[in-house]
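Please read the following note alongside the model, which is shown directly below. The points are numbered so that each can be checked separately.

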Amino acid sequence: MSALLVIDKLRKQFGERRLFDIERFTLEAASAYVLTGVNGAGKSTLLRVLAGLEPAEAQALSFDGKALALAPYPGAMREAVGYVHQHPIMFSTSVAHNIGYGLTARGAAKAQVDFEVAQAMAWAGVEHLRASDPVSLSGGEKQRVALARAKVLRPRLLLLDEPTANLDGAAREQVIALIPTLIAAGSSVVMACHDPDLIGLANVRRLKLRDGHIEYR
């Protein structure tokens with residue numbers, strides 16, 4: 001298995017408090033990880049740093065075999081890294097518009113956008129919600145729409161912050177069932193979570209953020 005992302009001496013500080021100081025952070029290509037740790041350990045912040053949404057310091061960074069700098073956040077990673085918040089923000093338009101927004105912003109032709117959106121809605125089981133305003137959706141439906149919106153961009157690395165935290169019953173099971181298909185499609189997936197069913201998924205590696213350091217399990 002080849003390394004997709006390697007960061008040496010990754011540090012994040014808030015004033016006098018150093019949230020994490022990671023000697024080497026490595027993610028393999030087409031692999032799944034759960035990121036665990038106590039509340040306040042910095043899991044969400046680490047995901048936001050990897051997504052370019054929070055600044056941090058790094059001595060060296062390699063993505064897909066190419067040496068890059070973490071700051072300013074490299075364009076190659078902006079194109080290849082997706083991030084899904086546990087409370088996804090959506091436009092008050094339609095489900096189809098939200099899923100296709102990223103492709104449209106990248107300049108994809110309308111025919112391609114329509115095709116990719118239809119495929120993603122079928123994958124996420126939300127075809128019947130095509131014209132719905134996301135404000136009317138349940139938590140589970142919003143999470144599946146957010147995953148579909150990320151999937152159409154074919155991310156090399158997908159970062160999921162507590163993807164099942166606010167779900168229960170069938171909604172939670174539907175989201176969990178989508179995760180292995182993302183990995184099978186070639187994405188590396190990192191999930192910050194406490195969900196034992198996500199942690200217990202087959203072939204998922206565990207990263208534990210403890211006292212500012214990463215433990216690989």
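1. Which residues of the largest nonpolar core touch the most other members? They are Ile99, Leu147, Leu160 and Met191, in a core of 37 residues, where a nonpolar core is a set of buried Ala, Val, Leu, Ile, Met, Phe, Trp, Tyr and Cys residues joined through side-chain atoms within 4.5 Å. Two or more residues of this core come from each of strand S3 (32–36), helix H3 (95–105), helix H4 (110–124), helix H5 (139–151), S7, H6 and S8, and H4 gives the most, with six residues. Apart from this core lies another, of 33 residues, including Leu19, Phe20, Tyr33 and Leu207.

2. On the basis of the note: this is a predicted model, in which local features need pLDDT of at least 70 and side-chain atom pairs count only at pLDDT 80 or more, whereas totals for chains, interfaces and linings use all residues. Residues are numbered from 1 along each chain as its sequence is written, and side-chain values use heavy atoms, with hydrogens and water left out.

3. Overall, the protein chain has seven helices and 10 strands, these being DSSP runs numbered from the N terminus (helices H or I, at least four residues; strands E, at least two). The radius of gyration of the protein chain is 17 Å, close to the 17 Å that the globule rule gives for 217 residues, so the chain is as compact as a globular protein of that length; the radius is taken over C-alpha atoms, and the rule is 2.2 Å times the number of residues to the power 0.38. Along the principal axes, the C-alpha atoms fill a box of roughly 45 × 40 × 35 Å.

4. Of the 217 residues in the protein chain, 49% are buried, a term that means under 20% relative accessible area, with exposed meaning over 50% and partly exposed in between (1.4 Å probe, protein chains only). Among contacts (heavy atoms within 4.5 Å) between residues at least 6 apart in sequence, 68% join residues at least 24 apart.

5. Strand S7 (residues 157–161) is mostly covered, since five of its five residues are buried: Leu157, Leu159 and Asp161 point one way, Leu158 and Leu160 the other way. Strand S6 (residues 81–84) runs parallel to S7 and is joined to it by four bridges, with Gly82 standing opposite Leu158; two strands are taken to pair if DSSP finds at least two bridges between them.

6. Strand S8 (residues 188–192) is likewise parallel to S7, through five bridges, and in these Leu159 has Val190 as its bridge partner while Leu157 stands opposite Ser188. Five of the five residues of S8 are buried, so this strand is largely enclosed by the rest of the structure; Ser188, Val190 and Ala192 lie on one side, and Val189 and Met191 on the other. S3 also pairs with S8 in the parallel sense, over four bridges, and Val34 stands opposite Met191, a residue already named among those that touch the most other members of the largest core.

7. S7, helix H6 (residues 169–184) and S8 make a right-handed β-α-β unit, the handedness meaning that, with the strands pointing away from the viewer, the path from the first strand over the helix to the second runs clockwise. Within H6 is Arg172, which is buried, with a relative accessible area of 19%. Leaving aside residues up to four places away in sequence, Arg172 touches Thr164, Leu167, Asp195 and Asp197, whereas the C-alpha atoms of Arg172 and Phe14, 158 residues apart along the chain, are separated by 34 Å.

8. In H3 the buried residues are Val95, Ala96, Asn98, Ile99, Gly100, Gly102 and Leu103, and they pack against H4 and H5. Just after H3, Gly107 takes a positive phi of about 90°.

9. As to annotation, UniProt lists residues 5–217 for "domain: ABC transporter", in an unreviewed entry; its positions are given in the numbering used here, feature names are shortened, and annotations may be inferred rather than shown by experiment. In the model, the end C-alpha atoms of residues 5–217 lie 18 Å apart, and the span is 34% helix and 28% strand.
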